[in-house]
Amino acid sequence: MKNTSRLIASLIAVVCFACPVMAEPEMSSGQSVYVPAYSHIYATPQSIPINLTALLSVRNTDPHKAMTIASADYYDSRGNLVSKALDKPVSVKPLATWEHIVPEMNTVGGSGAKFIVRWNATQNVNIPIVECIMVTTRSGLGISFVTNGKEIKE
């Protein structure tokens, strides 16, 4: 009986340490987010570029509060500003998504292109998901992949 009690106590301890603790969601009233994007990749031994469509996606994950995208700037491989995706800030409703497309034939960004997305809110909100989806179906290929944004300090 004594050994059984110790065994049960040990099992409970193992289960408690193995279970993830539910952390509070990250909240913020604004960030600058670096998002890798690729206007093309090299997928052959001859280093022939394969052009990609890039879809920048900003998803408001807060079910109750709106957020504002202040800017979404597109930079090339050398770090030069190529274009601004927004003329003015845009509000994104709760659980809504804002998107911007860089067409497949627009290769000015290069393989090291990126977006800097700046967003804010009037109060703390759930941090949005900021990602870029690259895709092509040319020449019988089916290539697609996603990059995740990373908060930066400017």
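**Notebook: contacts, strands and core**

I started with contacts. Among those in the chain with a separation of 6 or more, 75% join residues 24 or more positions apart. I note that this is a predicted model.

Next I looked up the secondary structure. The chain has 1 helix and 12 strands. Along the sequence, I read the pattern α-β-β-β-β-β-β-β-β-β-β-β-β.

Then I turned to the sheet. I found 4 strands forming an open sheet, in the order β8-β4-β10-β11, with antiparallel pairing. β8 and β11 (143-148) are the edge strands, and each pairs on one side only. I get an average twist of 20° from one strand to the next. I also checked one pair inside this order. β4 and β10 are antiparallel and share 7 bridges. A54 has M134 of β10 as its bridge partner.

Which residues touch the most other members of the largest nonpolar core? I list V35, L56, I69, W98, F115 and V117, out of 27 residues in that core. Strands β1 (27-36), β4 (53-59), β5 (67-75), β8 (97-102), β9 (114-126) and β10 (129-136) each supply at least two core residues. β9 gives the most, with 5 residues.

I then followed F115. Setting aside neighbours within four places in sequence, I find F115 in contact with V33, Y34, V35, A37, L56, D73, Y74, H100, V102 and C132.

Buried residues are 32% of the 154 in the chain. The accessible surface of the chain is about 9,800 Å². Carbon and sulfur atoms hold 57% of that surface.

Key: Residues numbered from 1 in each chain as written. Predicted model: local features only at pLDDT ≥ 70, side-chain atom pairs only at ≥ 80, totals over all residues. Heavy atoms only, no water. Core = buried A, V, L, I, M, F, W, Y, C linked by side-chain atoms within 4.5 Å. Buried < 20%, exposed > 50% of the residue type's maximum accessible area, 1.4 Å probe, protein only. Contact = heavy atoms within 4.5 Å. Pairing = 2+ DSSP bridges. Axes fitted to C-alpha atoms, helices over the stretch in contact; angles between N-to-C directions. Areas by Shrake-Rupley, 256 points an atom, 1.4 Å probe, with all protein chains shown as cover.
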